[in-house]
Amino acid sequence: MLTHQAPYRFSQRSSYLERSVMRDLLKHAVDPNIISLAGGLPASECLPLAQLKDCMNTVLERDGTAALQYAPPYVPLRQWIADYMNRRGVACDVSNIFITNGNQQALTILSRLFLDMGDYAVIEDAVFTGVQQGTKGIGAKVLSIPTHLQTGADVDELEDLLQQYDVRMVVLIPDFHNPLGVSMSESKRRYVVELAERYAVPVVEDDAYSPLRFSGETLKPIRAYDESGYVFYIGSFSKMLAPGLRLGWMVIPDELMAKVTVIRESIDLETSTLTQRTVHEFLSRGLLDAHLQQLNAEHQIRANALMNALDTHLADIAAWTQPEGGLFAWAELPEELNTWEMLPEAIANGVVYIPGGAFATHGGKLNCLRLNFSNVKPEKFDEGLRRLRQVIQKHL
Ligand SMILES: Cc1ncc(COP(=O)(O)O)c(C=O)c1O
């Protein structure tokens, strides 16, 4: 192993970044003795392995070394995405589609575009750590708003903050929020658009999950209601196809394309040529709908199994969200319980979850936990929740 004791002088910016507990907990996902409710992955059994393999072979045979070279973003893929976004109510052209390595990269690019160190950003009280890394992590001053467990982010609180502070960027997760699982109501989506325009503030709509709906009503993206250009939609193939592809997109106005391209170039030159062409081949063969149907049907079975297990083992002490899609449910235990403290005991007892505190923008959420249902075999939930109850019982 290569080690050095050199007195490195780190950048101030690097000191804002905190290690994410998610990475540490992911290792339990592969321990066969532990039932992991901690992951954030779509069902492995449903990933379209054979189809992607065939698509990649076709691309390599058809395009030869062109598929292996540096190349500008693949226009047929951008066109497919533009058509897809139009079908979802977002008016845009191929020229508005910017290919990324996924939503985390899109967040990084937009943060660099709109946030200087010390600027105010608004995110939610409980939110995916990547959103915190993309705002707090680059030295922004982060303000936060609560999220209602049925209707999504509190837009009145958002307006209060926009009135009081010179906010330079807002990040929201309107569909199947990570970690809360909730989707934002249509009226709130419309209100966010009004606020973005009134306060001239960029709102990043982080949509990693909307295609993963298995029940309830499909809602249009916030961007579908926006005519001001202040809403920035970022979409990803990670959950709808496969996280390992590292492929996503942004919908941005023509005027910003050059600026965004330069920022992207400072991070890396382009998204993998081979991946873009392979995914385009998959999409143009019309395979996405059948894949999503199969994936969502399996996720629904698993979500139901989690709900049943929660009913059986925690109904007397906990409340939880009822997912209509996405990957997660959010559970709240009695106030006095601390899910961080319980975690080592839970792991020793063969079950792991993510403590709510891991997502808390400004602390708290200590009695909460995020439960993943998508990548757990349905027959495991009952035993997993039984093990969890045993641990909770000792703390009641
Ligand atoms: C809300 C949210 N945004 C972004 C990401 C990162 O997505 P990607 O794989 O597209 O970078 C995730 C991943 O879990 C997420 O939950």
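Predicted model: local features only at pLDDT ≥ 70, side-chain atom pairs only at ≥ 80, totals over all residues.
Student: Where does F176 lie, and is F176 buried or exposed?
Tutor: F176 is in the loop between strand 7 and helix 8. Its relative accessible area is 2%, and the cut-off for buried is under 20%, so F176 counts as buried.

Student: Then why is K365 called partly exposed?
Tutor: K365 has 30% relative accessibility. Buried means under 20% and exposed means over 50%, so a value of 30% falls in between and K365 is partly exposed. You'll find K365 in the loop between strand 14 (354–355) and strand 15 (368–372).

Student: Back to helix 8: how does its reach compare with the expected span?
Tutor: Helix 8 runs over residues 186–198, which is 13 residues. From first C-alpha to last, helix 8 reaches 19 Å, close to the 18 Å expected at 1.5 Å a residue.

Student: Which residues of helix 8 are buried, and how do you know that they line one face?
Tutor: The buried ones are K188, R189, V192, V193, L195 and A196. Look down the axis of helix 8 and these buried residues fall within an arc of 165 degrees, so they line one face of the helix. Here's the background: an α-helix has 3.6 residues a turn, so residues three or four places apart point the same way. Among the elements covering the buried residues of helix 8 are helix 7 (155–164), strand 7 (167–172) and strand 8 (203–207).

Student: What makes N101 count as buried?
Tutor: Its relative accessible area is 19%. The cut-off is under 20%, so N101 is buried. N101 is found in the loop between strand 2 (97–100) and helix 5 (103–114).

Student: What makes the link between the side chains of N101 and D268 a polar contact?
Tutor: The distance is 2.9 Å, and a polar contact needs a pair of N or O atoms within 3.5 Å, so the pair passes on distance. N101 also touches other residues, including R246, L247 and G248.

Student: Why is Q132 called buried, while D289 is called exposed?
Tutor: Q132 has a relative accessible area of 9%; buried means under 20%, so Q132 is buried. D289 is at 57%; exposed means over 50%, so D289 is exposed. Q132 lies in helix 6 (residues 129–133), and D289 is in helix 11 (residues 288–314).

Student: What does the side chain of Q132 reach?
Tutor: The backbone oxygen of V127, at 3.2 Å. Among the residues that Q132 touches are also I123, G137 and F359.

Student: What kind of peptide bond runs from N178 to P179?
Tutor: A cis one, with omega near 15 degrees. P179 is in the loop between strand 7 and helix 8.

Terms used. Residues numbered from 1 in each chain as written. Heavy atoms only, no water. Helix = DSSP H or I, 4+ residues; strand = E, 2+ residues; numbered from the N terminus. Expected span 1.5 Å × (residues − 1). Buried < 20%, exposed > 50% of the residue type's maximum accessible area, 1.4 Å probe, protein only. Arc of directions from axis to C-beta. Contact = heavy atoms within 4.5 Å. Polar contact = N/O pair within 3.5 Å; in protein donor to acceptor, adjacent residues only side chain to side chain.
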